[in-house]
Amino acid sequence: MSGEIARTDTHADGRPPVLEPGHTYATVTDQISSIVLSRSTPRSWLGGFIVALGLLMVFLYATAYLLATGIGIWGNNVPVAWAFDIINFVWWIGIGHAGTLISAVLLLFRQQWRTSINRFAEAMTLFAVVCAGLYPILHLGRPWIFYWLLPYPSTLGVWPQFRSPLIWDVFAVSTYATVSLLFWYVGLIPDLATLRDRAQRRVPQVIYGILAMGWRGSATHWHRYQTAYLLLAGLATPLVVSVHSIVGLDFAASIVPGWHVTLFPPYFVAGAIFSGFAMVMTLAIPLRAVYGLEDFITLRHLGNMAKVMLTTGLIVAYGYLMEVFFSWYSGNEFEWSLTVNRAFGAYAPLYWSLIACNVLIPQLLWFRAVRRNVPLLFIISLIVNVGMWLERFVIIVISLHRDFLPSAWKMYYPTIWDFAQFFGSIGLFLTLLFLFIRVLPVISIFELRELVHETSEQVED
Amino acid sequence: MPQVFHPSTNTVARASVFGGLFLIAAVVYAGNAFLRSSYVTQADVVRDQPVPFSHDHHVAGLGIDCRYCHSTVETAAFAGMPSTEVCMGCHSQIWKDSPLLAPVRESYAEGKPLAWTRVYDVPDFVYFDHSIHVAKGIACQSCHGPVDRMPLMRKATTLHMEWCLACHRHPELAVREREDMFKFERASTRQAGTVADGTFEIGPRFGGDHELANQGQRLVQQYGIVTKQLTDCVICHR
Amino acid sequence: MNEPLDLYGLLAEFEHPEELLAAAAAAHDAGYRRVEAYTPIPLPGLTEALGTVPTQLPRLTLLGGLAGAAAGYALQYWVSVIEYPLNVGGRPLHSWPAFLPIVFELAILGASLTAVLGMLALNGLPRPHHPLFAVPEFRLASRDRFFLCIESRDAKFDLAQTREFLSALHPKTVIEVPR
Amino acid sequence: MTDSTHAFDAQTTVPAGVRFARSGPSYWRSLEEYAQTPEFEELLHREFPSQLDQWNDPIGRRRFLTLMAASLAFGGIAGCTRPPQETIVPYVKAPEEIVPGKPLFYATAMPRGGYALGLLVESHLGRPTKIEGNPEHPSSLGATDAIAQASILSLYDPDRSQTVMHRGAISTWDKFMTEMAAQREKLVASRGAGLRILTETVTSPTLSGQLRVLLEELPEARWHQYDPSARDNVRLGARQAFGQDADVVYSFDKADVVLSLDADFLLAFPGSVRYARDFIDRRRVSSGKADMNRLYVVESTPTITGAMAEHRLPLRPSQIEPLARAIAGRLGIERSASAVKLPAGVSEAWLNAVVKDLEEHRGTSLVIAGDGQPPAVHALVHAINGALENVGQSLSYIQPVEAQPVIHHQSLVELLADMEGGRVETLVILGGNPVYSAPSRLGFADKLKQVARKIHLSEYDDETSFLCDWHIPAAHYLESWSDARAFDGTATILQPLIAPLYGGKTAHEVLAVLRGRTGRTSFEIVQAHWRQEMDDDQFGTAWRKAVHDGVLRAAERIDPSRFRVEASGGIGRRPQPEAQTGSGTVEVEFRLDAALGDGSLANNGWLQELPKPLSKIVWDNVASLSAATAQRLGVENGDVVEITLDGRSLRGPVWIAPGQPDDCLSLTLGYGRTRSGRVGNGVGYRAAEIMPADGARFAVGASVRRTGEKHPISTTQSHHAMEGRDIVRVTMHQRVTDDSQSATPHSDELPSLYPEYEYTGNAWGMVIDQTACIGCNACVVACQAENNIPIVGKEQVAVGREMHWLRIDRYHVGGLDNPETYFQPMMCVHCEKAPCEVVCPVAATVHDSEGTSNMIYNRCVGTRYCSNNCPYKVRRFNYLQYTDETTPSLKLLRNPDVTVRSRGVMEKCSYCIQRISAGRIAAKIENRPIADGEVVTACQQACPTRAIVFGNLNDPQSQVRRLKESPLNYGVLAELNTVPRTTYLARVTNPHPDLPMPAAAELHGEPKVHADPNKAES
């Protein structure tokens, strides 16, 4: 038996450790790579995968019917021309923010505890962005010419209209997808090398070999590698902020009462982080249970994520408050009647359940006891996910269904296809996630080895 | 122990990673080339017609004016296709039993119209008006090319929107004198050159020729053409 | 300089990072220049010990970012003002504030792509085939072993002397790496 | 049919002149071509509005194919496919007046309820595409109404009957003629005994001429008339007052004070289009005129006429006679005791104001009674107008326009008696659908069984045809040679625009057969008739002129002195049909539907989807009642009730109509068709089910019972209040004339960050005068017809996806019992700083250099962001494939100058850009500016009251420019700095100084001006 031993049983402050004691380079490497390489597929994985696949089928069917018939199969109308389609888009893109944020920002802040969760947080980001990216295409009246939104020298001699926030979206989302992918992949390279070297059979050797690009861990490579990784982190951080700001601008740049709010960009970002961490939590808790990763994803991690949720939750709450305040303070009759309509109109129940989910319930996280109660954290994270979806419903549908001219006011009711499309996309997300868990290391192995290294030093000196 | 990969894979791998960008570029380029190819646009492709009518013979040979058959070109959006009556006007005297003209005689006798294949066909959402173009100094040749040298009719351009725009952006490069409307000129009589993006292959070409360029400007004034209006979407789409 | 042509270099295997750091420093002091260390984790100070020069990557990345931004603005300006000026809701043709988001996104995109591709290029990756992969022990380089390799193309390389020098550093083993 | 097309194209019809060139993608879609295509055969049996069932359509084969297509397209493959090969099919012999791409306009007229509305019909290569009013014709003056606009759709309706039917089996016209020839022998022998002819209202000189000759030949035969829209009460009233028949022609241009007693003269009268014009011209203060007329309306269910009133008084129909009597009493005409007591709900103040106003305006006042009111009221009104010296001034009497004035209801009753008594062997029904339209109590259907030989001529194989032995498909009026007279007696010769698509026949031809003149075309018949009327030597020119102008001659006014009603007791009190009385507590009235009329056009999708002027309901008729009554009955909107009247009952949904008098249900005719066609079948309830047997249009004593069932009702506007927002501005006449600051309390000038765009050249703009808009919907259908706007069906409207580019917003101000009602036509206002355009990612909607906001369908990808960002919500989205691309006949209907939109594309008002382009091209070819009024939008052209004015803002002389300078001019939601090109003139009302001013006029916090009476009287 060789290598350092992590001696991080307790910290000075008595907080739970980021890595349970007794681990060496070898143990962390073996334990995590074995999830992919040797260990047999757990039942729970199979069960979950089948459910996810079923939902994915629903998604495909709904999409086929959508393409054949037109988006009239949804409940959208005039004035409510955007509904579930854009709600889901914003919801997913919001979720897709935690990953990059965790890896990038926490990396810059040298937060050791990020190590155990950044890998699958990033993966989750990618898959969420995939789901998000589908909606802007599917919601088009004529999706088959979606490529007209891209600037290319067409025979028409016409180009996209760059003043439209939707075009900003196209660039923001595609950039975000690309950079997240790069960030995730670069992070994977050393681990892929590990898997290549630990794989016994030829096929995995070849596959992981190709993906590892012949990484051999030379000192010079590590040097450039870390520089690049740090640069990416530095770039991803403003990117992540810009992306959801631009999504916020989709609304803020319009004149619809309830959309035309200068506060939107920052509070959309906060909301994104809020929902993103909630989703990470929702995924991390079952994951550590099923694969026995309690040693790596410790209560310390869950606690920290809970704190982030609490903070961002408070920022979001502040946003809600300011919305109300400004609509009153501006003295704009349209804004104010919208606010009243939100609180007491036809959709009021949704508004109040949004407040409950996003503002009231997260306050429980003030208590350490709650932050250490895993099942409770799981439930709260789920509630926040629901709440964030409701927030988008409130913003989009309630604002649209009653705007300027009362003669045009209409109610909006979703159809079964709206729900099929929504839950179907969750299926798509989970399917991708399950596959990822099966074939790639869910926790960054080399960074855990680093952790072993660092924690051992800490005690030595 | 054996290597997992053969040395050659190094080259392959690098090529596939760093060549990827060039690959994408190549695909985009090829796609564009394809869309502009005459396979798609049918430019310069001769269509089958019920009667192998030769513009070469009738225009260059006999010197018949365009308006003799396309009679509404100056007054209506549609240039007009000759009714069978018009054909028979001459062909009841000459070539009156040429087998080639059998369909014409048949049509005339039975009152069944001839069905010509459309050569110049813009999409239904494009509203082209011949009368205004002729009135503002756009000659037949500008769009239809050297019809007087076409034994069988073919489309002389792509009819792509970018092609229309080339003229609508620079009318001064296309307009001609009134009396030249229905004339066909050889390239030799004018100096060669092209409009900016090269898609504007036909019509008067006097890139370098200042005298002609100034003349173009003068005509634009004279015809009262408002150039900035020509690129309004609704000039063609309604 | 009797350097066997069929040899890539000599590989010394260590169990502890500290040993490797020491060995690397020693090799450098001994005048070896074609020395490379292989580790399962990035070891702080290792490159310095080997005397490697710091990378140019940050500068490249900056250039990539600027290029992206410039391209973004140029595209939007050309399209909206020159190529097809349109009266869009009475807004000015050159609505520069509306152009900024895309400029920013493209800057990030350009920089990120340069950073990653640059890193791969400078590292000479991808390189799935490498003499070291022929060494069975080397598989542990991605687990818990630390290796130091003195390459045969080093001016000072001499099979006997170098092997001697390495063994003096108390490695677990010293292996000859075939080319 | 090809030859026949030529037959009339070439020689006989007379184009009213070419307007201007309008090109289109389908120039060659001429009838000749269609005649040869298989589509034309298919045309006979294809699904009509496929969009109706699109919604619940399961994924069938077609679906699957579309699916594949879509997914292929999704893969971008569509980008690489070539356009389909098209062919050009020129004429063999070109008719000289036809220039492909240039429409021709032909003058004709639409007979409705017998009365003609003069029209000019646009024709592209022999297919009529659009109906306009005939400026020369007194009933139109260039305007039209919704039903006339929509009638062109019925022309192409594939559900129209297509073959002669004999006892349910397909037969032929020839067979019919041979059988009739045989019959004629017997008839001649029996001098026509047992022959009965039933027509609708007949004003056609030719037809009546034919009938007279026939009746001379066969003296035993009888001619009966029954028309559900007949005006029996009016006729009886005149007879009671004067002992003779006379029609009234109103001259609203001479009336300063108008009192309507349940008379919806702006919509439901023959000549309403003209009346609306004259009436509004007396109100238009924006055009500088100082004085303004005043309208009092007493009515039951709210109508657009009531909405225009300064002072509206809701009364149950039965209460109106006492009121009329009271007014007559105050004017010293009516001396009977009953004259003093007032019906409940009428205040002394109100009555005094009205009487005072009337007396102060002797000769310039006008009192009108509605068709539904009993003869007595009409008699009283004649007396009142006489006493007020209005006769010869604001109204005049003319010889009846009807060829043979009869009391239709009596006529029908006599016929039924004969049928029952077995005295009818052969019954020839020329048009009309009595089995459906006659009150069920009369038992027309049963008694029809006792007739040996029943012949029915009608456009549809309808309820009546079903019970007849012979059914002859009737030609649409756009397919027929005929003639008809207008409300003022003006005669018009109807010329066909197209050969009968389905081989329809006219009444003339059928009568010719009865007279043994088989095979005579209606052209010959009509021409023959007029040859007698006109002097022979100039006949050729006279005929051409008559057909070309579409106006023949008006009936001369009769000397007023012949119409005196002596003051007496109990005017109109004489044996008269008593209002049906049952045991119940509720009063029921029956009126023609505001959209469908008498239901003969029930299969017309445009009319079915046309929002009713006030309720905005589509695809249904309802029983409207007051809020209080609804509360009393414990029902709410959409609850199905059972209405029982004297033993007969029907079930229908209720709808609360603000302003409806209590305890009064208003039912509308025209719905509940069972054999109208796929569009109209089973829509709504059939009111004739319980109509009184005596022909009265209302009855007291009905009872209403809740059934507990619900019936979903689709409306296009669900919210009626302005929420205190500055949307419709209302001001009072006094303020406008006193000082010109009135209507615009705060200026619309706002600072903008953006540099101004210079609009040199034309700058198109529009002004809509809300004082003039009567909410009649003509513009809505005109827009639909001009711009190929599809219908979407009831379910889609319910979801909120109607496609009308132009909607007429209706707002209520005040209490539910009798609120003020304001109309605001709302379509794209073409903002100079359009919020919609900025957010479009593909530049599918941008401005052109003349300042109109354009929608480029073929560029639109359908993000719908523009709709969200449009504060006026005037953009419409094709959520599904709404345009019916499967029914060939509808392709003939479409306007070739407007792109047909497919699924997934946004659309909106374009200011009729195709008309602008046509005008621009015409002007540019001649190197001249476009003259003011040269370019006219479809809505503007259709508007009876000229409420919509369109033109060039850069032309200082243009009318629109002048209106923009009016103090009444303002932009809706202009505070958003959208800089709309379409602005509105505030609604001006002229309340009586002694009566309360409109609540809406106080909305903008202006001081309550109590104007001095002199001003009001001027």
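This is a short tour of selected parts of a predicted model, chain by chain. Local features are given at pLDDT of at least 70 and side-chain atom pairs at pLDDT 80 or more, while totals for chains, interfaces and linings use all residues. Residues are numbered from 1 along each chain as its sequence is written, chains are lettered from A in the order in which they are written, and side-chain values use heavy atoms without hydrogens or water.

**Chain A: two helices**

Select residues 25-36 and 165-198 of chain A, helices α1 and α6. Helices here are DSSP runs of H or I with at least four residues, and strands are runs of E with at least two, numbered from the N terminus. The two axes come within 11 Å and cross at roughly 80°; axes are lines fitted to C-alpha atoms, for helices over the stretch in contact, with angles from 0 to 180 degrees between N-to-C directions. That makes α1(A) roughly perpendicular to α6(A), a term for angles of 65 to 115 degrees. Show side chains for Thr29(A), Asp30(A) and Ser33(A) on α1(A), and for Thr194(A), Leu195(A) and Arg198(A) on α6(A), which make the contact (heavy atoms within 4.5 Å).

**Chains C and A: the interface**

Next, show chains C and A together. Here 65 residues of chain C are in contact with 60 residues of chain A. The two chains bury about 5400 Å² between them, 69% of it on carbon and sulfur atoms; this is the accessible area (1.4 Å probe) lost on being put together, summed over both. Pick out Pro42(C), Glu105(C) and Arg143(C), which supply 12% of the area that chain C buries against chain A, more than any other three residues.

**Chain D: a hairpin and a helix**

Move to strands β4 (115-124) and β5 of chain D, antiparallel and joined by six bridges. Val121(D) stands opposite Ile131(D) in β5(D). Between the strands are two residues, and Leu125(D) in this hairpin takes a positive phi near 45°. Seven of the seven residues of β5(D), 127-133, are buried, so β5(D) is largely enclosed by the rest of the structure. Buried means under 20% relative accessible area (1.4 Å probe, protein chains only).

Now select α10(D), residues 272-281, where eight of the ten residues are buried. Among them are Tyr275(D), Arg277(D) and Phe279(D). The buried residues of α10(D) pack against elements of chain D including β4, β10 (247-250) and α11 (304-308).

**Chain D: the open sheet**

Finish at the open sheet of seven strands in chain D, ordered β7-β6-β18-β17-β16-β8-β9 with mixed pairing. Its edge strands, β7 (169-171) and β9 (222-225), each pair on one side only; pairing requires at least two DSSP bridges between two strands.

Conventions. Parallel < 35°, antiparallel > 145°, perpendicular 65-115°, else oblique. Buried < 20%, exposed > 50% of the residue type's maximum accessible area, 1.4 Å probe, protein only.
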